[in-house]
Amino acid sequence: MMNQKQTAYLKEWQGYEGLAEQMLPIIGRLYRDHNVVTTVYGRSLVNTSTIDILKAHRFARLILDGELTVVDTFPILEAVGKLDLAPARIDIGRLAIRYQAQAGQLPVDEFLRRELAPVNTGRVPLLDEPRDIVLYGFGRIGRLLARILIEKAGSGEKLRIRAAVVRKGSAGDLAKRASLLRRDSVHGQFHGIITIDEEENAIIANGNMIRIIYADAPEDVNYTQYGIHNAILIDNTGKWRDRDGLGRHLQAKGIAKVILTAPGKGDIPNVVAGVNNELITAEETLFSAASCTTNAIVPVLKAVNDRFGIVSGHVETCHSYTNDQNLIDNYHKASRRGRSAPLNMVITETGAAKAVAKALPELTGKLTGNAIRVPTPNVSLAILNLELKQGATVETLNGYLRDISLESPLQNQIDFTNSPEVVSSDFVGSRHAGVVDSLATIVQGNRCVLYVWYDNEFGYSCQVVRMVQKMAGLELPAMPS
């Protein structure tokens, strides 16, 4: 027989669960009918479960001074659902905290009309027509990009993944590629339904038809014959990194712009989404999304440099092994990479420290870097050992970075954790470029050491998609401002 405390805990949970269940159809309708993405302190609630909603609120509690539950946010969401909104990202967690701060001075409906006035203007299409996306390569990053783009399809008015270009495999090639999209040893099952259309040689994922096109060279494909026009092509192969090589994609009919998911060479703009978006211009056609490590460290370095100034520093990365390494000892053209990746820590080079200068010219020549490949399949850790112009304390540095993760233009790039128990696998699926581990922060006078976790696969892929959204003119206003 349950005692009073047991009964109270269960009733409280059931109440939270019931409210979360009521939130799901409102979140879905806002997304599909209005292209409104509902979040709680940056955590998207679109295409989630009741448990995901409750966990998003639990996350907010970890970094706020007080409790935040669905009891606080449900009235906010319910009132938001009554408005005729233009496309936007609306954070019901922040709105709930603001509403509590005004202590009932306004009814919730009036409060929200005031806070959301800039987007309470009626439903409008995001683009005149959806922007076509082509994936060149369908490996680790390519398939994760496909998952994210499918998830973000919404009402179909935004980015529309149309094709993946690969080299022809053996018999059953289409079914094998569909299976790899459906099941992932690191990132789990695809959230949805996948079928194949053999007549069109296409994978159908949650209603999105991804045609599999076979080609041996970029210029060999005529995309217009598949109804693909003015497309943004994302090259996941890393085979061509300079302007001449990457430009071969532009010789193919139907391709307008190209993004490389690796550091670019020469004068190709290396973009870290959220940091140097000004490099994305209408005139430029070739771009690099830099590396996963560059994306992880540049936002944090920018934030620290803006507030405290950086004199010099060293970046060391403990990086999960990649497909470039050998599973067992075998010949490899690079030093040490021929040794078995799952069995060894392998010292290797990283260009991330030098690449920082392309995104943050003010740090040119101030950083060195190295890397250690470690026997984990995903999630990496960057250790930033910095000399600051202005002295700090652990409290001031962590407090500043926490605020940046919550209320700044870098909130999609920088995440923050203060848990004493987190390990690398806890960050699989993180959508941020990097996560500051605040309990590992060391500060002594004007020297500090910061530890930044990053999902070098999924988090990086999210950064690439943010870059694509910027190129396509799909940056949603974040509310409340």
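This is a predicted model: local features need pLDDT of at least 70, side-chain atom pairs count only at pLDDT 80 or more; totals for chains, interfaces and linings use all residues.
Residues are numbered from 1 along each chain as its sequence is written, and side-chain values use heavy atoms, leaving out hydrogens and water.

**Helix packing**

- The axes of α6 (residues 140-151) and α12 (residues 458-472) come within 9 Å and cross at roughly 60 degrees; helices here are DSSP runs (H or I, at least four residues), and strands are runs of E of at least two.
- α6 passes α12 in a right-handed crossing, meaning that the near helix is turned clockwise from the far one by less than a right angle.
- On the α6 side, the contact (heavy atoms within 4.5 Å) is made by Ile141, Leu144, Leu145, Ile148 and Leu149.
- The α12 side brings Phe458, Tyr460, Ser461, Cys462, Val464 and Val465.
- By class, the residues of this contact of α6 with α12 are ten nonpolar, one polar and no charged.

**Aromatic pairs**

- Four aromatic pairs turn up in a search of the whole structure; rings pair if their centres lie within 6.5 Å, with planes under 30 degrees apart counted as stacked, over 60 as edge-to-face and the rest as tilted.
- One of them is the edge-to-face pair of Tyr136 and Trp240, at 6.0 Å centre to centre and 65 degrees between the planes.
- Tyr136 sits in strand β4 (residues 131-136) and Trp240 in the loop between β9 (231-235) and α8 (243-246), so this pair ties together parts 104 residues apart in sequence.
- Both Tyr136 and Trp240 are buried, that is, under 20% relative accessible area, where exposed is over 50% and partly exposed lies in between (1.4 Å probe, protein chains only).
- Phe308 and Tyr400 are also edge-to-face, with 5.7 Å centre to centre and 85 degrees between the planes.
- Phe308 is buried at 3% relative accessibility, and Tyr400 is buried at 18%.

**Backbone details**

- Met479 and Pro480 are joined by a cis peptide bond, with omega about 0 degrees.
- Asn35 has a positive phi, near 55 degrees, and is buried at 0% relative accessibility.
- Asn206 also has a positive phi, near 50 degrees, but is partly exposed at 39%.

Notes:
Axes are lines fitted to C-alpha atoms, for helices over the stretch in contact, and angles run from 0 to 180 degrees between N-to-C directions. Ala, Val, Leu, Ile, Met, Phe, Trp, Tyr, Cys and Pro count as nonpolar, Asp, Glu, Lys and Arg as charged, and the others, Gly among them, as polar.
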